[in-house]
Amino acid sequence: MKRLVVGITGASGSIYALRLIDVLRAQGIEVHAVVTASGLRVLDYECGVAEAELTRRVDVLYPNADVGAAIASGSFRMDAMVVLPCSMKTAGAIAHGVTDDLLTRAADVTLKEGRRLLLVPRETPMHEIHLENLLRLARAGAVIMPAAPGFYHRPETLDDLVNMMVGKILDRLGIEAELFTRWR
């Protein structure tokens, strides 16, 4: 069985994280999650999903303050971590090794253990510091996937756009899911 960690921060775009979690769980993939305080606030504001509902949707939801949780250790077996959406605050912290909460610690451990770390920033526009932090992360082995769905599949609904982005994330994770029409 695959096991993934999903981190949710306070950037806009929580809908992507919810869809990713739902698809992973539907495929029998074990999902461990950690959410920042602002991530919980945005998740509720944008999607109407409170912490109790998120707890029901994942296998384990860790408190972000618990830096001693299982996902903070390199000995915790997992296949990959996705930070979705990834705020520039979180990207900057990870880029500079500032691991003062569970989400940034788990991401740091993912990099140090040579596992796949996907960061999905939704920020726009970005200034030079944002870009330098993302470049630093890419050089350290993270995959940077801005939340920028394509339009070649001719989306008709918001779900079509969300599915396209989540489908691209799943592609990078090596997980089969036909969520959007591929270019032919």
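The following legends describe close-up views of a predicted model.

**View 1. The largest pocket and its lining.** The largest pocket holds about 150 Å³ of space. Its lining consists of 13 residues. Those that lie nearest the centre of the pocket are Thr 36, Asn 64, Lys 89, Thr 90 and Asp 101. By class, eight residues of the lining are polar, three are charged and two are nonpolar.

**View 2. Helices at the largest pocket.** Helix 2, spanning residues 37–47, supplies at least two residues of the lining of the largest pocket, as does helix 4, spanning residues 88–95. The largest share of this lining comes from helix 4, which contributes three residues.

View 3. Arg 57 and Asp 22 form a salt bridge in which the closest N and O atoms are 2.5 Å apart. Asp 22 is partly exposed, at a relative accessible area of 30%.

View 4. Glu 53 meets Arg 56 in a salt bridge with an N to O distance of 3.0 Å. Because Glu 53 and Arg 56 are three residues apart in helix 3, about one helical turn separates them. Glu 53 also meets Arg 57 in a salt bridge, here with an N to O distance of 3.7 Å. Glu 53 and Arg 57 are four residues apart in helix 3, again about one turn of the helix. Glu 53 is partly exposed, with 27% relative accessibility, whereas Arg 56 is exposed, with 59%.

**View 5. The salt-bridge network.** Salt bridges link Asp 22, Glu 53, Arg 56 and Arg 57 in a network.

**View 6. Cys 47 and Cys 86 without a disulfide.** A search of the whole structure finds zero disulfides. Cys 47 is in no disulfide, and the nearest cysteine sulfur, that of Cys 86, is 17 Å away. Cys 86 is likewise in no disulfide, its nearest cysteine sulfur being that of Cys 47. Cys 47 is partly exposed, with a relative accessible area of 26%, whereas Cys 86 is buried, at 1% relative accessibility.

Notes:
Residues numbered from 1 in each chain as written. Predicted model: local features only at pLDDT ≥ 70, side-chain atom pairs only at ≥ 80, totals over all residues. Heavy atoms only, no water. 1 Å grid on protein atoms, 1.4 Å probe; cavity = no way out; pocket = protein on both sides within 12 Å on 5 of 7 lines; lining within 4 Å. Points joined across faces, edges and corners; volume = space filled by probe spheres on them. Nonpolar A, V, L, I, M, F, W, Y, C, P; charged D, E, K, R; others polar. Disulfide = S-S within 2.5 Å. Buried < 20%, exposed > 50% of the residue type's maximum accessible area, 1.4 Å probe, protein only. Salt bridge = Lys/Arg side-chain N within 4 Å of Asp/Glu carboxyl O.
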